[in-house]
Amino acid sequence: MTRQQVFERLNRVFQDVFDNEALAVGDATTAADVPGWDSLMHIRLMGAVEDEFDMVFDMKDVVSLQNVGEMADIIMAKGH
């Protein structure tokens, strides 16, 4: 899977979780850039991403994520 394909799928997940079809995320997107992305939504988001990519994030990865680009890096590193 290419990075572009990962981001296409991530965008769909973000749009669904945040109920905003206009939402588009990129490498540098952070929680501060997405209205409503708080700690509770982060948990919901991570679960939805895990479901979409049929994978499980390590807790150390979840707490250290700085932006969506790092999330994409982890997804790609896990073979997706």
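How many aromatic pairs does the structure hold? The structure holds 3 aromatic pairs. The model is predicted, so local features need pLDDT of at least 70 and side-chain atom pairs count only at pLDDT 80 or more, while totals for chains, interfaces and linings use all residues. Residues are numbered from 1 along each chain as its sequence is written, and side-chain values use heavy atoms, with hydrogens and water left out.

**View 1. The stacked pair of F14 and F18.** Rings of Phe, Tyr and Trp (its six-membered ring) pair if their centres lie within 6.5 Å; planes under 30 degrees apart count as stacked, over 60 as edge-to-face and the rest as tilted. The ring centres of F14 and F18 are 5.9 Å apart and the planes meet at 20°, so this pair is stacked. Both F14 and F18 are buried (buried is under 20% relative accessible area, exposed over 50%, partly exposed in between; 1.4 Å probe, protein chains only).

**View 2. The edge-to-face pair of F14 and W37.** Here the centre-to-centre distance is 5.4 Å, with 70° between the planes. F14 lies in helix α1 (residues 3-17) and W37 in the loop between α1 and α2 (39-53), so the pair ties together parts 23 residues apart in sequence. Helices (H or I, at least four residues) and strands (E, at least two) are DSSP runs, numbered from the N terminus. The relative accessible area is 0% for F14 and 12% for W37, which is also buried. F14, F18 and W37 form one aromatic cluster.

**View 3. A28 in the loop between α1 and α2.** A28 is exposed, at 61% relative accessible area. Leaving out residues up to four places away in sequence, A28 touches D33 and N67 (contact means heavy atoms within 4.5 Å).
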